[in-house]
Amino acid sequence: MTSTETPENLNSPDPAPTDAPDPAASNGAPVMLALHQTDLGGPEVLRLTELPRPTPGPGEILVAVHAAGLNPTDFKHRAMRIFLPPPPLTLGWDVSGTVVETGFGVTLFRPGDEVFGMLPYPYGAGSHAEYVTGPTRAFVTKPAGIDHVQAAALPLAALTAWQALVDTADLQAGQRVLIHAAAGGVGHLAVQIAKERGAHVTGTASAPKHDFLRGLGADACIDYRAEDFTGTEERYDVVLDTLGGQTATRSVSVLRPGGVLVSLLPGAEDTLAAAEKAQVRAVTLLVEHDQAGMRAVAELVDRGRLRAHVSATFPLAEGARAHAQGETGRTTGKLVITVR
């Protein structure tokens, strides 16, 4: 599906205007186009800008970006100061593309190799551009069975799900897991990873998305608009909370003693106290670039056990439209920016 096929785009901002070349890019050095911002704010601050093409340093590769995923963290960092320094900024952590050049000491890849990965979060942003550099070990070989759009949708969200369920919670076969916002970017991949681990999976989502979740393998679905997920006798070994706030605190009550709550956003102030009282573990996860995790993701893709659902794609020049659509909160799966 393209951006023009999506009704939500009808009132979205116009495609990002193109700025004049950056003075630093006018000295004859190679240049590129990037979705760039010089101020914090709404999608309108994003502009297609000519910038100097980066050069890989020691242990880095230069990648010609074919596609780059969008994540809620992109919207938040565009609008406000969180982890990154103030603008100017080029955002984007997900990337799939072709190696163009390798820096000193690189042995794993050669020019022409197709790779995908997540740039180091949070300070390695920059994939919403025609070229990007990153440490070699942030990337792995792109699975041959998927295209660059599919590959670009995976890294940050799939690594988050893997690090939450496998590395942190050590989810085992036969355990029961509750995944909040299970039809979202992280959630729909977490459902598939949990099923591959042999877990019983319950997901929260609006009722129209339940068939989608069942198609991914979810064993049970909760309509968060009509049902209280705490109003049941069901108890879980693991809860993956993608929402934070009071959802995290309330999730403590549905865990078995010894269970694990993994939140991707800070919970309310009383979450840790509630967890201690209930004899469960409550942690907040910040995703890390991770070659071993990316290899695990790629292996699941190769075996047909993991696939990203891409709701819409947008060319780089329409990045502002992509941000506007993402911020509606209605996306099923992922949005992707196409570059080549």
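Which residues does L165 touch, not counting residues up to four places away in sequence?

A: This is a predicted model, in which local features need pLDDT of at least 70 and side-chain atom pairs count only at pLDDT 80 or more, while totals for chains, interfaces and linings use all residues. Residues are numbered from 1 along each chain as its sequence is written, and side-chain values use heavy atoms, with hydrogens and water left out.

With residues up to four places away in sequence set aside, L165 touches D170, L171, V177, A190, I193, A194, V238 and L240. To touch, or to be in contact, means to have heavy atoms within 4.5 Å.

Buried means under 20% relative accessible area, exposed means over 50%, and partly exposed lies in between, for a 1.4 Å probe and protein chains only. In soluble globular proteins, nonpolar side chains tend to be buried together. The largest core here has 71 residues, and L165 is among those with the most contacts inside it, together with F139, L154, V177, L240 and L306. Helix α3, residues 155-168, gives the most to this core, with nine residues. A separate, second core has 13 residues, including I222, Y236, V252 and L255.

Helices and strands are DSSP runs numbered from the N terminus: a helix is H or I over at least four residues, and a strand is E over at least two.

Six strands form an open sheet in the order β11-β10-β9-β12-β13-β14, and their pairing is parallel. The strands at the edges are β11 (220-223) and β14 (281-284), each of which pairs on one side only. On average, neighbouring strands of this sheet are turned by 15° against each other, with direction ignored. Such angles run from 0 to 180 degrees between N-to-C directions, and the axes are lines fitted to C-alpha atoms, for helices over the stretch in contact. Two strands are said to pair if DSSP finds at least two bridges between them. Strands of a sheet pair through backbone hydrogen bonds, either parallel or antiparallel.

Within this sheet, strand β9 (residues 176-179) and strand β12 (residues 236-241) run parallel and are joined by three bridges. L178 stands opposite V239 in β12. Helix α3 packs on the sheet and touches β9, β12, β13 (255-263) and β14, and its direction makes about 155° with that of β12.

Helix α3 also meets another helix. The axes of α3 and α8 (residues 291-302) come within 10 Å and cross at roughly 100°. That makes α3 roughly perpendicular to α8; by the convention used, 65 to 115 degrees is roughly perpendicular, under 35 is roughly parallel, over 145 is roughly antiparallel, and the rest is oblique. On the α3 side, P155, A158, L159 and W162 make the contact, and on the α8 side G293, M294, A296, V297 and L300 do. These residues divide into eight nonpolar, one polar and no charged. In that count Ala, Val, Leu, Ile, Met, Phe, Trp, Tyr, Cys and Pro are nonpolar, Asp, Glu, Lys and Arg are charged, and the others, Gly among them, are polar.

One of the residues that L165 touches deserves a separate remark: D170. D170 lies in the loop between α3 and β9. Its phi is positive, about 50°, although D170 is not a glycine. At 44% relative accessibility, D170 counts as partly exposed. The phi of Q279 is near 60°, a positive value in a residue other than glycine. Q279 counts as exposed, at 59% relative accessibility.

For contrast, here is a helix pair elsewhere. Helix α1 (residues 72-79) packs against helix α9 (residues 319-326) at an angle of about 110°, with the axes 10 Å apart. These two helices are therefore roughly perpendicular to each other. D74, F75 and R78 of α1 make this contact with A322, H323 and G326 of α9. By class, the contact has two nonpolar, two polar and two charged residues.

Methods:
A nonpolar core is a set of buried Ala, Val, Leu, Ile, Met, Phe, Trp, Tyr and Cys residues joined through side-chain atoms within 4.5 Å.
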